[in-house]
Every structure is written in C-alpha cells, then in structure tokens.
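Dear colleague,

I am handing over the structure shown below. Please look through it first; my findings come after it.

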Amino acid sequence: MTSEESALLLFEEAMAFTYSAALRAAAALDLADHLADRPRTPGELAAACGADADGLHRILRLLAGRGVVREDAGGRFHLTPKGDALRSTAPMPARTGVLMFTDELFWSTSQRLAASLTDADPSFEKAFGMPMARYFEDAGREALFYEGMAAVSDAENPLIARSCELPARGTVVDVGGRSGAFLLTVLRERPGLRGVLFDLHPAADGRTLDLDGVAGRWETVQGDFFEAVPPGDVLVLKRILHNWDDDDCVRILESCRRALAPGGRVLVVDAIIPAGNAPHQSKEMDLMMLAALTGRERTADQLEPLFAAAGLRLDRVVPTPSVMSIAEGVAA
C-alpha cells in the first residue's frame with residue numbers, strides 16, 4: 001500500500017462516525033416505524049416525522065449504503081431486515097440501545113480520548129463538570145441509559161444463558177441484577193432452579209418476574225455486594241466488574257467467594273477481550289469505557305489475578321454468540 005493509499009483509507013475510516021450519527025438520527029426520528037407499513041419517499045417521510053426532506057434524503061442515502069434501508073427505482077425507501085430492529089415494535093427493538101450508545105456520555109467523551117490520556121488526573125467530573133452521580137440525576141439521562149442497556153440485555157440474555165453451565169437444581173444469585181431480566185431468562189431455561197435477585201435497589205417487581213413458569217421461584221434481596229452476597233450455588237456478575245477498578249473487583253469477588261456453596265461457581269459475564277489483535281467488539285466497548293472514565297473491559301489474563309486475590313480460581317472462559325463471554329471461577 002502506498003502512502004497516498006494509506007492516507008486516503010485513514011481519512012475514510014476517520015469519518016466512520018457519520019454512520020453512527022445517521023443511525024442515531026434514524027432512531028430519534030422513528031424512521032423505521034414510518035417505513036414499517038410501506039416504502040416512502042424522503043418527502044413523505046419528512047412530512048411524517050416533521051423533518052427537512054432534503055436533509056433526510058441525505059441521511060437515508062448513507063444508511064442505504066450500509067444496508068439499513070434500500071431505495072427502489074421510484075425513489076422510495078424500504079426498511080431492510082438489517083434495519084428492522086430499529087422499529088419500536090420489533091421483536092427485539094434496538095432503538096433505545098442505539099440512542100444510548102450514541103448519547104453524549106460516550107459521544108463527547110470519545111472525542112476527547114487523547115486528552116484523557118495526557119491529563120495527569122482524568123475524571124468524569126472534569127469532562128462533564130459534575131460527578132457521574134449528578135449526571136444521572138437527570139431523569140431523562142438515567143431513563144435513556146437503563147432503557148438502552150435493557151434493550152442490549154434483552155438481545156444478549158438468551159445467548160448467554162444457553163452458554164452458561166448451570167446445575168439442574170439449586171440457587172442462582174444474580175448479583176447486581178437490577179431489573180432481573182437475566183435472572184428471568186435463566187429461570188426459564190432451567191425450571192429446576194430457584195433465583196435470588198440481589199441489588200442495592202432491586203428494580204424487579206411483579207411485572208418482571210412473576211410470570212408463568214417462574215412465579216414463586218425467586219426473591220429479591222437488597223444489599224451491598226461490597227459487604228455481603230446471598231448464598232448460592234451459582235453467583236452471576238453480569239456487566240458488573242467492568243465498572244470497577246481492580247481493588248473493588250477483588251472486594252466484590254471476595255463477597256461472592258464467601259457466599260459460594262460447596263462445589264459452586266462464580267460466573268463473571270463481561271465483554272472479555274480475546275488474545276491477539278483481531279477485531280472484536282469488546283475492544284470498541286473498552287475504548288468507550290476508557291473515554292467515559294467509567295471502567296474497563298479485561299482480558300482473561302487480567303481477570304485471573306483478581307480471582308486469585310479473592311480466593312477463587314479462574315477455571316475457564318466460555319465465549320457466547322454475543323460480544324459477552326463467561327469467566328467461570330471456583331473456590332481455590
């Protein structure tokens with residue numbers, strides 16, 4: 001590759017953020033909902049969503065190049081199977097997840113990634129002018145984040161649950177499980193299991209887990225996982241450790257080790273970064289965490305000493321069909 005070819009390729013890749021911006025615009029304007037019943041021209045779509053027709057056409061043109069929509073000979077745009085999950089009524093809607101991943105929390109901080117690396121004391125407060133807790137005091141921001149994460153979890157939970165090694169009977173504790181969505185999936189997959197939803201503020205209620213097939217097989221327990229965790233045969237930490245530094249991770253794992261039944265397992269479910277430099281979504285997620293100063297994704301080699309310091313042995317790492325992997329720990 002010549003220097004000129006390298007430069008041109010890098011220029012093109014540097015503009016990749018425009019696709020994310022177009023996806024965000026499509027989600028914010030509910031374009032997929034307006035295309036669900038029939039194809040429409042940019043003018044018809046603009047009238048339906050209150051947007052400028054020319055600007056909307058330019059966004060649709062870019063999305064068509066990525067296969068999210070397609071344009072027919074009459075200039076009408078159709079929603080494609082790739083873009084179908086942008087519909088609010090899709091079986092697995094992605095709209096809120098797209099809005100969450102392109103929110104200011106990640107969008108603005110990613111732009112200043114280099115500055116965060118050269119800053120002697122980088123912090124979320126310095127980037128946003130407020131602590132993270134205050135940032136999420138805004139009801140809209142908090143709702144978007146949790147609704148977006150719920151959309152992501154709904155898509156990945158069945159894939160992860162089917163990849164977990166779970167006993168036929170016993171108790172599984174969803175540590176920091178908030179809404180109980182993953183626990184619900186596990187209990188449906190394993191009818192002989194009982195579940196405990198453990199969180200500082202468990203958000204599950206009767207609408208979440210009191211459903212056919214799982215009613216009466218679970219309970220909520222409120223508490224702090226730095227202090228203690230309810231006993232169980234399987235303790236699950238899904239998207240928990242990546243939010244904390246190494247010392248805090250050891251404290252959480254120590255709580256799990258004390259609560260683990262004989263022969264039990266601790267399952268750490270995170271976007272574990274595979275060895276080597278092949279593309280993997282965990283690496284993009286890790287940079288988003290780095291930019292937002294909210295934590296990190298780890299490799300198996302980085303997790304192993306944390307397990308050991310907590311009195312656990314990292315037995316194996318199981319990949320799933322999603323970006324997430326399962327690091328299985330047993331008592332050392």
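The notes that follow cover the sheet, the helices packed on it and the aromatic pairs.

This is a predicted model, in which local features need pLDDT of at least 70 and side-chain atom pairs count only at pLDDT 80 or more, while totals for chains, interfaces and linings use all residues. Residues are numbered from 1 along each chain as its sequence is written, and side-chain values use heavy atoms, with hydrogens and water left out.

Helices (H or I, at least four residues) and strands (E, at least two) are DSSP runs numbered from the N terminus. Two strands pair if DSSP finds at least two bridges between them.

The sheet is open and mixed, with seven strands in the order E5-E4-E3-E6-E7-E9-E8. Its edge strands, E5 (218–222) and E8 (312–319), each pair on one side only. From one strand to the next the twist averages 20 degrees. Axes are lines fitted to C-alpha atoms, for helices over the stretch in contact, and angles run from 0 to 180 degrees between N-to-C directions.

A hairpin of five residues connects E8 to E9.

Helix H16 (residues 300–309) packs on the sheet and touches E7, E8 and E9, its direction making about 150 degrees with that of E8. Contact here means heavy atoms within 4.5 Å.

H16 also packs with helix H14 (residues 246–259), at an angle of about 50 degrees and with the axes 8 Å apart. H14 is therefore oblique to H16 (under 35 degrees counts as roughly parallel, over 145 as roughly antiparallel, 65 to 115 as roughly perpendicular and the rest as oblique). The contact involves Asp246, Cys249, Val250, Leu253 and Glu254 of H14 together with Leu306, Phe307 and Ala309 of H16.

Rings of Phe, Tyr and Trp (its six-membered ring) pair if their centres lie within 6.5 Å; planes under 30 degrees apart count as stacked, over 60 as edge-to-face and the rest as tilted. By this rule there are seven aromatic pairs. Among them, Phe225 and Trp244 have ring centres 6.2 Å apart and planes at 85 degrees, so this pair is edge-to-face. Phe225 lies in the loop between E5 and E6 and Trp244 in the loop between E6 and H14, 19 residues apart.

With kind regards
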